[in-house]
Protein chains: 2
Amino acid sequence: MESHRILFAPSLTEVFQEAGKTVLDAALDAGLYIDSQCSGKGKCGKCRVRILEGEAGPFTQEESEFISLIDKSLGYRLACMARVTGDLTVLIPQENVLSSESAKKTFPKRSPVINPAVKGYVLEIPEEEGAHIASFERVAGLLRGQYGLEGLSADIAVLKNLATVTDEAKGQGKITVFVWMDREIVSIVPGQDDTCLGLALDVGTTTVALYLCDLRDGTIVATGSTTNPQVLFGTDIMSRISYSSHHPGQGARRMQTELFRAVNGLIEQMTISNGLSASRIMDMTVVGNTVMHHIFLGIPPDHLGLWPFSPSIQGSVDVRVRDLGIAINPSSYAHVLPIEAGFVGADNVAVLLSEEPYCRENISLIVDLGTNGELVLGNREQLFSCSCATGPALEGAHIASGMRATAGAIEKVRIDPDAFEADYAVVGTEGWASEHGAGELKPVGICGSGIIDSIAQLFKAGLIGQDGAFKENGRTKRLRKGQSGALEFVVAWKHESPMGRDIVLTQRDVRQIQLAKGALHGGCRVLMRRLNIDSLPRLAIAGAFGMHIDKENSLALGLFPWIDPEKIDMIGNAAGHGAYLALMDRDKRTEANRVARTVTHIELALEEDFQKEFLRALSIPYRET
Amino acid sequence: MESHRILFAPSLTEVFQEAGKTVLDAALDAGLYIDSQCSGKGKCGKCRVRILEGEAGPFTQEESEFISLIDKSLGYRLACMARVTGDLTVLIPQENVLSSESAKKTFPKRSPVINPAVKGYVLEIPEEEGAHIASFERVAGLLRGQYGLEGLSADIAVLKNLATVTDEAKGQGKITVFVWMDREIVSIVPGQDDTCLGLALDVGTTTVALYLCDLRDGTIVATGSTTNPQVLFGTDIMSRISYSSHHPGQGARRMQTELFRAVNGLIEQMTISNGLSASRIMDMTVVGNTVMHHIFLGIPPDHLGLWPFSPSIQGSVDVRVRDLGIAINPSSYAHVLPIEAGFVGADNVAVLLSEEPYCRENISLIVDLGTNGELVLGNREQLFSCSCATGPALEGAHIASGMRATAGAIEKVRIDPDAFEADYAVVGTEGWASEHGAGELKPVGICGSGIIDSIAQLFKAGLIGQDGAFKENGRTKRLRKGQSGALEFVVAWKHESPMGRDIVLTQRDVRQIQLAKGALHGGCRVLMRRLNIDSLPRLAIAGAFGMHIDKENSLALGLFPWIDPEKIDMIGNAAGHGAYLALMDRDKRTEANRVARTVTHIELALEEDFQKEFLRALSIPYRET
């Protein structure tokens, strides 16, 4: 039987599979979890995947029940129905569209100022003059008369539709006009309907998050997240830069196109599931690290990989969405927040908008952990920032049994220091495994917080030394020689997992985490030295990762310099929250440009003492001298 | 043998032709003149036509000598080589690319103020800092330091190329930056080269004219003109409106696309033939009547055909050329001049910029004759304008032997009042036919000025009465019964013409001209009554048509109210000249918006006395009471 290569994204796991087998079979063989409640009979529609390259047999009747024509054209299939007929690249989507309530939980409890860049104005059209409203000058005159708006212009797309819209408005006596920054008309609709939506977009290296908001009152209507499809071009920012450099004139554009396809798909889901129209999204703000920022704008990030790491633009950019290709009201602008310097980008500026350390008297260290780690230390006197190459290990990538913190991931681990038995909690379930029957929690892998817990607990139990090496002690069969000959610790046995294999932590995994924490902890130390402080008054941890980690175990591992756990705040998705604040209040955009220029950026690679701190921080928890 | 329908544009002449015949054969059968110096052997390359619809047999070796790959892809063929194999729509291009000298002749002798909207700035890049210039902020800082420009932004397309351009500039130590309106960077090129071109575009209903200029000194580098391919959708503006109304959402767009294809083709020819790059065209101004203005912007002109004839926008519009599809520097803007009211559009505003009646003490009547006639009467105190539906007859369309004033057209006619013999002059040749051997001038048709001469001379000779009817007098065989039974006058016998048929003026032709002059003269009278004047102090005639007509004969015919011929000025292409002035001097754009709003527009259809004046003006020359 002929065998074909199947590459799964976002994990970039490769497997060879015989022709005729299903994509679901291939995923199981690759050790990847795809939800399938009907056991592969095409009845539940849960196993949606997206074929990015290659053909996967004919589209079946079963699939047409669950996959719309638009999604079909984008390559969506049911993994249990799509068949291997040649080489394939398959994206296992991790799309989530959440309700307003779940979304709010990840945001700090602080109401935004409501002063959006786009506002809707309902215009009364005097009856006897109804026939004349086809003219831009007439609309501008009414806006001046009824709302005092002066010196307006209109986008060409608005002018093209003006006559049609005003024709439709006949008899209603009203139109609603949407004006950007009090100066440009970006949409006109017939009748009285000032529904005006906005979008805050947080482009992460691995995950893209969207917040759909009502610009009139700040309500978060829905949030959505999905894998950044750019993972196909490499999992970290250096490999994205490299892809762009090796494909001049094409690479950045291709990554941009893939990103927009994912964003547009999510916008469609979020609007349709709420009975809204994407054409009513009148404004958007965008944050992301410097590389994501450049690719979003279609600017090749090549120079960011070379000294002096010059970004093409630092200040904020307003760019018409039709010049990008984002499927909201085409005349609207995307406001891309400013970047600081180096890789510390618009996402960190957004974190600052959310946390406002520049207004505080007390010094804070703010850590935003994603695929890259970004640090800001300081107060209203001065702020220092740096970027740490933590790599994706803390997100569960490049880890033997690693996965992201989604359903089925072991997120908490505790190890009995006497019997060395492991207990765990799983995302999407309640309580500890020991409180349930064997295998009831159905863990499929382990995510960053679970890995940190495991290492910290193994260190406390004496199974891992200060240097991170496993210590064979013969008292538990959980610590064993793995296939490579190196030691590994079994967190969950295969009979507990639907994957049918042990979930382990390998020596190599521990090394990966040591490198990540070395970079992060080392970066903290360099910033503290700049501010001439020995201990941290406050630590704020941003990012989804921060929501899952255990403070005690993180400190035991030495992820950060020691601090009283009481002084650690988990601030949730502060980058997304900052994007949301800038969406709701246009003055925050001015503030962002000012703040971005006041932060002093430290390039760690050029700091003499960083290497020393990095090496010290490889130890568990940290070698003080 | 199978026979196929061949439709020729711009004349919309239809002919049926056997399969296998050439397009040149079909054109001759249709009575259309196509230049062919090699008698159809594929050796001279003069008989270029463009196949708009259908296939015309295989592309030959001969054609590849004369037709570039790009032109081939646009459907260009040699008429003598392209063969009828099915129904065809064929455009006989009337493209002319002229040198700077010929162009200037049609402009008034007045130097423009040099203050363009886009200026090029050469930046010295300090050597040691060369590595940093990839940043927008660095470029903006240098522009501030070296030229005092503050608060600049840059188009997204400029940002995308910034790193590449500054890489190329390494070693040269200089870049050149092009800035629009002192506020937005629209292009950056490596090295020191401030070549900065601009384009003035005059979109006529029938003809499109372009002026390629050097924005640094006002030099006209080249001019070009071509048939407006929208003639396919109807020869006058009412039929264009009708096409748009009958194809909602598509019609205006399709006409816009055809226009841009022609404009882009001409831009390519004009730049390549002068060794220039279209990417160096940094700015453009656009004029045209209201319908052309709307279609240029992609705005459906449907409402212009219905009371109250509302345009979608009256003020000037700056629109990014990539939002249109015009192939110049994509970040640049097209500045579309304001329109007055009704059909009196941006072309008339441009005529006003050129003539400046609003600065003069003396009253002028300015007549711009194209497919539509536009009139402005007044001085610095007040100005009245109107539009006259003259129809295309004065341009030689819908006339039995009519043609435009191009090579081969009879442009002057004199008729001996005793013997009734006709003598004529032909565009592209010198002197009168009587001074040459028979048939030496090779007339192929008669254009507007020749028709006016003919009617005026026939009236003087007593062969046409005051009512416009031919009077049979039996003293010349030139006046005879035509095929329809009505009388017609032979201007040139078939042995004098390469077309092999008589060139005639029919009774129907005289009626068409009477209707046109009735509208034009009637419009003049209505405006004069508004200003309460009985006679004209000055008459300025704009447009290519005006350059050819004979003052005495026009007055004898009664095309305008009587005026001393000394007081008639032929002002050439004043609309194109106004577009050129607004291209060279940005302050003219502000002036245009002001002037457009100060002219009082008269809607002739709503004027009580217009109908009376129109009927009177049907008489030759004019029935005073």
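## A walk along the salt bridges

Start by selecting A:E63, which counts as buried at 0% relative accessibility. Bear in mind as you click around that this is a predicted model.

Hop over to chain B and pick B:R589 and B:D283, whose side chains meet in a salt bridge (2.7 Å, N to O). Here the pair links distant parts of the chain, 306 residues apart: helix 17 (residues 587-598) holds B:R589, and strand 14 (residues 281-288) holds B:D283. B:R589 is buried at 5% relative accessibility, and B:D283 is buried at 0%.

Next, select B:K588 and B:E356, another salt bridge, with 2.8 Å between the closest N and O atoms. B:K588 lies in helix 17 of chain B and B:E356 in the loop between helix 11 (346-355) and strand 17 (364-369), so this pair ties together parts that are 232 residues apart in sequence. B:K588 is buried, at 10% relative accessible area.

Over all chains, the structure holds 59 salt bridges.

Last stop: B:D214, in strand 12 (residues 207-214) of chain B. B:D214 is buried at 10% relative accessible area. Leaving aside residues up to four places away in sequence, B:D214 touches B:C196, B:L197, B:T219, B:V221 and B:M584.

Key:
Residues are numbered from 1 along each chain as its sequence is written. Chains are lettered from A and ligands numbered from 1 in the order in which they are written. This is a predicted model: local features need pLDDT of at least 70, side-chain atom pairs count only at pLDDT 80 or more; totals for chains, interfaces and linings use all residues. Side-chain values use heavy atoms; hydrogens and water are left out. Helices (H or I, at least four residues) and strands (E, at least two) are DSSP runs, numbered from the N terminus. Buried means under 20% relative accessible area, exposed over 50%, partly exposed in between (1.4 Å probe, protein chains only). Contact means heavy atoms within 4.5 Å. A salt bridge is a side-chain nitrogen of Lys or Arg within 4 Å of a carboxyl oxygen of Asp or Glu.
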